[in-house]
Amino acid sequence: MKHMIRIAVLTSLALGSTLALAAPAHYTIDPAHSSVEFSIKHMMISKVKGKFTKFGGEFTYDEAAPQTSSAKVDIETASINTDEPKRDTHLKSPDFFNAEKNPHITFVSTGVKPMGKDHFQMMGNLTMNGVTHPVTLDVTAGGMGNDPWGNARAAFSATGKVNRKDYKMLWNKGLDKGGVLVGDDVDMMIEVEGIKK
């Protein structure tokens, strides 16, 4: 009987250790080494790029079980920057992001689907201009390591696409020879580096 109890205790401890090792690590996004960028068609012949300069958030990641990962990001809408002040002012207006009324853009993950080594899809809800829709990000793990100060870091690259009209950004202007000034599809390019808590 004592032998059986000992086996049960050892098994329980072993399982506990395995679960502890498998637990996702928690990270805080480091804005100094991260970026949130986008691009959109101009006159359907070129692309205009922009970025948001103020954002933060956190994520969890388990290299052995990426499906347990999660993320939460908050972006300051008014930090939009396309290197053209007049255009940025227009983008902050009610014609587009309506930054005064909707000062934050948020993404909250709802699930992760592994797609291969260091590659997965992250599903989540993106809220912009007071509207929330599900989106899917294609994510690649860049790697993990310690910085010179002993902080454990993890990095990821993500891409995605949304239609601005889904978020009530309807403004446009027709061109004399047909077509419109601004495209509908917005490509997102995200680089994230996090510091382990």
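Asn98 counts as buried, at 15% relative accessibility (buried means under 20% relative accessible area, exposed over 50% and partly exposed in between, with a 1.4 Å probe and protein chains only). The structure is a predicted model, in which local features need pLDDT of at least 70 and side-chain atom pairs count only at pLDDT 80 or more, while totals for chains, interfaces and linings use all residues. Residues are numbered from 1 along each chain as its sequence is written, and side-chain values use heavy atoms, with hydrogens and water left out.

Asn98 sits in the loop between α2 and β7 (helices, H or I with at least four residues, and strands, E with at least two, are DSSP runs numbered from the N terminus). Leaving aside neighbours within four places in sequence, Asn98 is in contact with Leu91, Lys92, Ser93 and Asn129, where contact means heavy atoms within 4.5 Å. Asn129 is 31 residues away from Asn98 along the chain, yet their C-alpha atoms are separated by 6.2 Å.

Pro103 also belongs to the loop between α2 (85–92) and β7. At 41% relative accessibility, Pro103 counts as partly exposed. Not counting residues up to four places away in sequence, Pro103 touches Ile75, Glu76 and Thr77.

Now for the chain as a whole. The protein chain has two helices and eleven strands, and along the sequence these follow the pattern α-β-β-β-β-β-β-α-β-β-β-β-β. Of its 197 residues, 36% count as buried. Among contacts in the protein chain with a separation of 6 or more, 55% join residues 24 or more positions apart. The chain exposes about 12000 Å², with carbon and sulfur atoms supplying 58% of that area (accessible areas come from the Shrake-Rupley method with a 1.4 Å probe, and for residues only the protein chains shown count as cover).

In soluble globular proteins, nonpolar side chains tend to be buried together. Here, the largest nonpolar core has 40 residues, of which Phe59, Phe97 and Leu126 touch the most other members (such a core is a set of buried Ala, Val, Leu, Ile, Met, Phe, Trp, Tyr and Cys residues joined through side-chain atoms within 4.5 Å). Beyond four places in sequence, the residues touched by Phe59 include Ala25, Tyr27, Phe156 and Val192.

The largest pocket holds about 1000 Å³ of space. On a 1 Å grid over the protein atoms alone, a pocket is an open set of points where a 1.4 Å probe fits, with protein on both sides within 12 Å along at least five of seven lines, and lining residues have an atom within 4 Å of a point. Grid points are joined across faces, edges and corners, and the volume is the space filled by probe spheres set on the points. Of the 49 lining residues, Glu37, Phe38, Phe52, Val186 and Met188 lie nearest the centre of the pocket. Strand β2 (residues 35–42) gives the largest share of the lining, six residues.

Two loop residues complete the picture. Met43, in the loop between β2 and β3 (46–52), has a positive phi of about 60° although it is not a glycine. Asp118, in the loop between β7 (104–116) and β8 (119–128), likewise has a positive phi, near 60°. Met43 counts as partly exposed at 34% relative accessibility, and Asp118 counts as partly exposed at 30%.
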